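Here's a quick tour of a protein model, written for someone who would like to have the structure open while reading.

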Amino acid sequence: MTEAIRVERLHKRYAAVHALRGVDFAVARGEFFGLLGPNGAGKTTLIGILAGLVRPTAGRAAVMGHDVRRQWRAARRSLGLVPQELVYDPFFTVREILWLQSGYFGHGRENRAWIEELLEVLDLADKADANLQELSGGMKRRVLIAQALVHRPPVVVLDEPTAGVDVELRQALWRFTRRLHAEGHTIVLTTHYLEEAEALCERIAILDHGSLRALDTKAGLLARHPWRCLCLELEPPDAALPEAVARLVTERDGGRVRLRLHRLHDQIGAVLESLRAAGVRVRDLHTEEPGLEEVFLELIHEGAPAQAAEAQA
Ligand SMILES: Nc1ncnc2c1ncn2[C@@H]1O[C@H](COP(=O)(O)OP(=O)(O)O)[C@@H](O)[C@H]1O
Ligand SMILES: [Mg+2]
């Protein structure tokens with residue numbers, strides 16, 4: 001058994017909302033996995049099912065080989081969840097919360113050194129005896145991370161941990177999750193920041209309207225869309241473009257023009273030739289790779305017409 005997570009034909013309906021529509025995937029042990037999708041895609045629902053907080057309508061899910069329903073306790077022990085919402089009990093101190101969580105998972109005094117280490121690593125030592133309500137939003141988020149790790153779970157799931165946090169804390173969270181990954185943890189990170197998934201994740205699943213649109217490495221996702229951008233600086237800036245070039249334009253700002261070419265090598269010569277024939281001078285040119293954001297938008301758009309048709313039916 002080398003899988004940290006397996007999800008099969010997973011469905012979730014909340015009354016009128018079909019939040020998950022038959023999702024299948026597996027995450028290998030030790031993988032840094034990204035779950036990406038716009039708001040409302042079903043990310044938190046999927047994670048809730050893995051953590052035993054949401055009951056699936058149909059299908060199966062397992063964490064470290066333990067079925068989340070039939071072997072709830074073992075599955076829950078294998079997973080540390082950093083929730084999206086800042087939920088906390090204002091009457092406890094940071095250290096008390098960690099001890100309570102530790103006790104909930106059946107740990108005793110032997111866990112003391114680990115709790116103190118978490119306080120240290122997450123820069124919470126100074127605030128260990130402060131009540132949670134006295135802490136800033138960023139500090140509360142650090143407490144949620146410590147809580148998720150208190151029982152030393154092999155799988156760590158972070159649900160939009162950087163939404164609304166400042167740059168400094170975001171950098172600290174990235175460093176910390178990278179460290180957990182290097183120490184052998186399986187990491188599942190949900191985010192709607194593409195640059196974050198791009199920087200951290202080995203494989204990325206794109207979820208939209210409850211269905212997986214794609215699941216691949218970053219390079220694999222980019223390779224599905226082999227177009228390139230050709231950026232030109234034209235003289236004169238208000239030059240009229242020949243039709244063959246005008247239809248490739250995605251952006252224009254005066255003399256600066258951005259074209260999308262599906263077959264760069266075949267098209268670039270034709271573009272330059274057609275500009276020359278029209279008397280337009282090219283002062284400068286370079287090409288750019290499409291980013292994950294452009295690929296993501298294209299995938300989400302591909303899915304949109306089918307969803308709209310289904311909603312109408
Ligand atoms: N407890 C709930 N009751 C009813 N609808 C819900 C509930 N939780 C989520 N939803 C709906 O399910 C869909 C998926 O939500 P969610 O899983 O939170 O998506 P994401 O985390 O990707 O933003 C949304 O349409 C949301 O409104
Ligand atoms: Mg969410």
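Just after helix 3, Gly-106 takes a positive phi of about 85°. Helices here are DSSP runs (H or I, at least four residues), strands are runs of E (at least two), and both are numbered from the N terminus. Keep in mind that this is a predicted model, where local features need pLDDT of at least 70, side-chain atom pairs count only at pLDDT 80 or more, and totals for chains, interfaces and linings use all residues. Residues are numbered from 1 along each chain as its sequence is written, chains are lettered from A and ligands numbered from 1 in the order in which they are written, and side-chain values use heavy atoms, with hydrogens and water left out.

Back to helix 3 itself. Its buried residues are Val-94, Ile-97, Leu-98, Gln-101 and Ser-102. These residues cover an arc of only 135° around the axis, so they sit on the same side of helix 3. "Buried" means under 20% relative accessible area, "exposed" over 50%, and "partly exposed" in between (1.4 Å probe, protein chains only); the arc is that of the directions from the helix axis to the C-beta atoms. The cover over these buried residues includes helix 4 (112–121) and helix 5 (137–149).

Helix 10 can be read in a similar way. Leu-264, Gln-267, Val-271, Ser-274 and Leu-275 are buried there, and because their arc around the axis is only 105°, they fall on the same side of helix 10. The face turned away from that buried side carries the exposed His-265, Asp-266, Arg-276 and Ala-277. Among the elements covering the buried residues are strand 11 (228–235), helix 9 (243–246), strand 13 (256–261) and strand 14 (281–288). After helix 10 comes Gly-279, whose phi is positive, near 80°.

Gln-267 of helix 10 is buried, with a relative accessible area of 16%. A polar atom of the Gln-267 side chain lies 2.9 Å from the backbone nitrogen of His-262. Leaving aside neighbours within four places in sequence, Gln-267 is in contact (heavy atoms within 4.5 Å) with Leu-248, Leu-261 and His-262.

Now for the ligands. Around ligand 1 (a heavy atom within 4 Å) are residues including Tyr-14, Val-17, Pro-38, Lys-43, Thr-44 and Thr-45. Here are some distances to oxygen atoms of ligand 1:

| Residue | Polar atom | Distance to an oxygen atom of ligand 1 |
|---|---|---|
| Ala-41 | backbone | 3.1 Å |
| Thr-44 | side chain | 2.8 Å |
| Thr-45 | side chain | 2.6 Å |

Which residues coordinate the magnesium ion (ligand 2)? They are Thr-44 (OG1) and Gln-84 (OE1), at 2.0 to 2.2 Å. Thr-44 lies in helix 1 (residues 43–50) and Gln-84 in the loop between strand 6 (79–82) and helix 3 (94–104), so the pair ties together parts that are 40 residues apart in sequence. Donors are N, O and S atoms within 2.8 Å of the metal (3.2 Å for Na, K and Ca), and since water is not among the atoms, sites may look incomplete. Thr-44 is partly exposed at 40% relative accessibility, and Gln-84 is partly exposed at 29%.

Finally, the overall picture. The protein has eleven helices and 14 strands, and 48% of its 313 residues count as buried.

Key
Polar contact = N/O pair within 3.5 Å; in protein donor to acceptor, adjacent residues only side chain to side chain.
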